[in-house]
Structures are given as C-alpha cells and as structure tokens.
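Here is a briefing on one protein model. Look over the sequence and the structure first, then read the points below.

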Amino acid sequence: MRGYFKDDIMVIFNLIGHRINDSEKLRLIGEELSHRKAAVIGIVDEFGDKPVYQKDIGRILRIRRSTATSMLQDMEKEGLIIRQTVGDDLRLKQIVLTEKAMDYAKIIKEEFRIIENLIVKDFSEEEKAQLKSFFERIKNNLIVDRRHKCSKNC
C-alpha cells in the first residue's frame, strides 16, 4: 500500500493551490501578508470574543516562542494587531485585531468558504462529516510525526 495516495495528494494540493492563486483577493492579500500572519489573523478572528495570547498562537501554529514574539511584533508595527496588557501582569498581553486585520479576515474567510464549498460540492452531509473526520486523523498523524521529529532535531 506504500505510495497509494501519493499522486492524489500531490494533485489535490496543486489544484487547491491553483484555486487559491486564482482568487484575485487572496493573491492581493498574499502580497501583503505572509501565510503565517494570515494564519494569526484567522486564529484571532476564530476565537471571537475569547481572549487570544501569544502562547495560544505559538501552540496552534506549532512555532517557537521567539518566532511568535518576532512575528507579533512585526504585525503590531504593520498595524495588524494590538497587544493589550491584561490585568496587573505586564507580561500577559491579549492579541486584538485592528480594523485593517478584520478586513483581511473577512475577505479570507469568504474566499476560503467559496473554495471549501467547491471542494465538497455534491457531497452528502454524511460524506462531509466523514471527510472532516479523515482530516482530523490526518492532522493528528502529522502532529505526532512533527513532535517526534522535533524531539530529535528542533
């Protein structure tokens, strides 16, 4: 069964990549934001009213604390986020999106909703749930693999 899905995975990644690149809105945003910065905006937006902290960003993106710090500092300078002190602990800073970042988040969400709908077009609700389950398992397998590799090399 070795390599059974290799061609399918490569073709699907390429087709999704092409579809993303075909979106004029996403292409323009991509010229202004790195994928990681766009991901941070998405994460903070998805949290809604719940507070988001640097440690959350590092954990979700699986990046080092120093990498998160540097990226968030850049995003603050670029007017994408504000880091607000919470309570008396000056070290604890909540990440809040600026209006500019909220505009990006709205566009990204809408464009990815369109792409997601295209991907699951003609899928039944049961098939969509099954695909979601498969993606969760794939994601978990990749996370475990990354942890294993990072315990040796990172």
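**The largest pocket**

The largest pocket has a lining of 49 residues, and Phe13, Ile16, Phe112, Ile119 and Phe135 lie nearest its centre. A pocket here is an open set of points on a 1 Å grid over the protein atoms alone, where a 1.4 Å probe fits and protein lies on both sides within 12 Å along at least five of seven lines; lining residues have an atom within 4 Å of a point. This is a predicted model: local features need pLDDT of at least 70, side-chain atom pairs count only at pLDDT 80 or more, and totals for chains, interfaces and linings use all residues. Residues are numbered from 1 along each chain as its sequence is written, and side-chain values use heavy atoms, with hydrogens and water left out.

**More on this pocket**

- Its space comes to about 2,700 Å³. Volume means the space filled by probe spheres set on the points, with grid points joined across faces, edges and corners.
- Helices H1 (6-22), H2 (24-32), H3, H6 and H7 (125-153) each supply at least two lining residues.
- H7 gives the most, with eleven residues.
- By class, the lining has 27 nonpolar, six polar and 16 charged residues. Ala, Val, Leu, Ile, Met, Phe, Trp, Tyr, Cys and Pro count as nonpolar, Asp, Glu, Lys and Arg as charged, and the others, Gly among them, as polar.

**Overall layout**

- The protein has seven helices and two strands. Both are DSSP runs numbered from the N terminus: helices are H or I with at least four residues, strands are E with at least two.
- Along the sequence the pattern reads α-α-α-α-α-β-β-α-α.
- The C-alpha trace spans about 55 × 40 × 30 Å along its principal axes.

**H3 against H6**

- H3 (residues 35-47) and H6 (residues 99-119) pack at about 90 degrees, with axes 9 Å apart. H3 is therefore roughly perpendicular to H6, a label for angles of 65 to 115 degrees. Axes are lines fitted to C-alpha atoms, for helices over the stretch in contact, and angles run from 0 to 180 degrees between N-to-C directions.
- Ala38, Ile41, Asp45 and Glu46 of H3 meet Ala101, Tyr104, Ala105, Ile108 and Lys109 of H6. Contact means heavy atoms within 4.5 Å.
- This contact has six nonpolar, no polar and three charged residues.

**The strand pair**

- S1 (residues 81-86) and S2 run antiparallel, joined by six bridges. Strands pair if DSSP finds at least two bridges between them.
- Arg83 stands opposite Ile95 in S2, and Ile82 stands opposite Val96 in S2.
- Two residues lie between the strands of this hairpin, where Gly87 takes a positive phi near 65 degrees.

**The second largest pocket**

- This pocket has a volume of about 230 Å³.
- Its lining includes Tyr53, Gly58, Arg83 and Ile95.
- S2 gives the most to this lining, with four residues.
- The lining divides into four nonpolar, two polar and five charged residues.

Terms used. Parallel < 35°, antiparallel > 145°, perpendicular 65-115°, else oblique.
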